Amino acid sequence: MSDPFAMPTNCDRPPAPQPPKKRRWPWVAGGLVAVLVALGTIGAVTEDEKPATVADTAPAPPSTTTMTVTAPATTTEKALPVATPVAQVTAAPGANAAMTKLNALAVKGRAPKTGYDRGLFGEAWTDAVSVEGGRNGCDTRNDILRRDLTQIVFKAGSQGCAVQTGVLADPYTGTSIDFLRGQDTSSAVQIDHVVALSDAWQKGAQQLSPAKRIDFANDPRNLQATDGPTNQQKSDGDAATWLPPSKSYRCTYVARQVDVKSAYQLWVTQAEKDAIASVLSSCGATMPETPVIAETETATPIPRTSTPAPVRPANTPPPAPAYTPPPEPVYTPPAVVDAPVSYANCSAVRAAGAAPIYAGQPGYSSKLDRDGDGVACET
């Protein structure tokens, strides 16, 4: 019989009550929610800091977060170095310097345009050139837009190369033009070759090496952003057939033509030289005087002898007039109508040496313009 007064052993004790186990999942879930909210906030700020583009102007979907992030104003990317500004010629010193270069150029007739093709001057606006701005990672067209435009905003993600918007103080027309990159708007501002490629081809560029012709077509000294319709009106005219409508820029314009032709050893026609000299004279340039050789007392005069006219015997009929054959008819070839230009794809455009193609130019098609910015088959 057990002792009722004995102390119970461990085996006889009832189990001690255990505290309830703590549930940890609410703390884990709360931590994950905090991390996701933080990541969402960082992502929203990064996206809002991207400069606005045409595509970014579409309405954004409603936000699902409670935090409001205010997008900063449209920003500009850090621009690449721009080409050297164009020197203005408005007075005698600059005009006389241009006149001296003009008188050093060869004067010849215009060579035939036979064999001319835009592709002979390389791929349009290529960066692979040895002139200023070459191999800087930005195509030549945007190099010139960056030089000639102000208030520039760059296309997002272009590393400060592609101009999205800007303002051009057009020296050719004396007007201000707002530039907006786009399929229907880019052509409002075009890049003019101050010495047209076709004109250069007929005045010495045929003898240049292919690499030198590519440099010529992309040399900032020979390029100027200007009003699109005005550039189309100029076509391939030289100074004898076309000058900028703004008379205040004409001295600078012809001086630039002289600089370019001197740099690439091209010639001028007599009519072209006379037109350039006339413009430079209006800015104060003077034509060099032709030296006069003075006669000396020791010069031996050249004796002059006269030959008496022959005497026709009496009663002799006058000689018959010399026969002059009628002029031969001049053959006039039939007019050639250019066939419409069409390209199947950008590979065909590049093979033809026409890339890139801008809205309004032959061969442009919206199906070749992937981003709809008015520039098809961009390099």
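Q: Hi! Let's start with the cysteines. How many disulfides does the count come to?
A: The count comes to 3 disulfides in this predicted model. Counting bonded cysteines along the chain, the pattern is 1-2, 3-4, 5-6.

Q: Nice. What is the sulfur distance for Cys138 and Cys161?
A: The sulfur atoms of Cys138 and Cys161 are 2.1 Å apart.

Q: And where do those two sit in the chain?
A: Cys138 is in the loop between α2 and α3 (140–148), and Cys161 is in the loop between β1 (149–154) and β2 (163–170). That pair links distant parts of the chain, 23 residues apart.

Q: Is the disulfide of Cys138 and Cys161 right-handed or left-handed?
A: The torsion about its S-S bond is about 85°, so the disulfide is right-handed.

Q: Buried or exposed, Cys138 and Cys161?
A: Cys138 has a relative accessible area of 1%, and Cys161 has 9%. Buried means under 20%, so Cys138 counts as buried, and so does Cys161.

Q: OK, next pair. How far apart are the sulfur atoms of Cys251 and Cys283?
A: In the model they are 1.4 Å apart, and the two cysteines form a disulfide. Cys251 lies in helix α7 and Cys283 in the loop between α8 and α9 (346–351), so the pair ties together parts that are 32 residues apart in sequence.

Q: Which handedness there, right-handed or left-handed?
A: Right-handed, because the torsion about the S-S bond of Cys251 and Cys283 is about 85°. Both Cys251 and Cys283 are buried.

Q: And what about Cys346 and Cys377?
A: They form a disulfide with sulfur atoms 2.1 Å apart. Cys346 is in helix α9 and Cys377 in the segment after β7 (375–376), which makes this a link between distant parts of the chain, 31 residues apart. The link of Cys346 and Cys377 is left-handed, with -85° about the S-S bond. Cys346 is buried, as is Cys377.

Q: Let's switch to α8. How far apart are its end C-alpha atoms?
A: They are 19 Å apart. Helix α8 has 13 residues (residues 270–282), and at 1.5 Å a residue it should span 18 Å, so the two values agree.

Q: Which residues of α8 are buried?
A: Glu272, Lys273, Ile276, Ala277, Val279 and Leu280 are the buried ones. They cover an arc of only 160° around the axis, so they are on the same side of α8.

Q: What covers those buried residues of α8?
A: The cover includes α2 (92–104), α4 (197–201) and α7 (250–263).

Q: What comes just after α8?
A: Just after α8 there is Gly284, which takes a positive phi of about 110°.

Q: Last topic: where is Asp219?
A: Asp219 is in the loop between α5 (210–218) and β5 (223–227).

Q: Is Asp219 buried or exposed?
A: Asp219 is buried, because its relative accessibility is 3% and the cut-off for buried is under 20%.

Conventions. Residues are numbered from 1 along each chain as its sequence is written. This is a predicted model: local features need pLDDT of at least 70, side-chain atom pairs count only at pLDDT 80 or more; totals for chains, interfaces and linings use all residues. Side-chain values use heavy atoms; hydrogens and water are left out. Helices (H or I, at least four residues) and strands (E, at least two) are DSSP runs, numbered from the N terminus. Buried means under 20% relative accessible area, exposed over 50%, partly exposed in between (1.4 Å probe, protein chains only). The expected span of a helix is 1.5 Å times one less than its number of residues. The arc is that of the directions from the helix axis to the C-beta atoms. Contact means heavy atoms within 4.5 Å. A disulfide is a pair of cysteine sulfur atoms within 2.5 Å.
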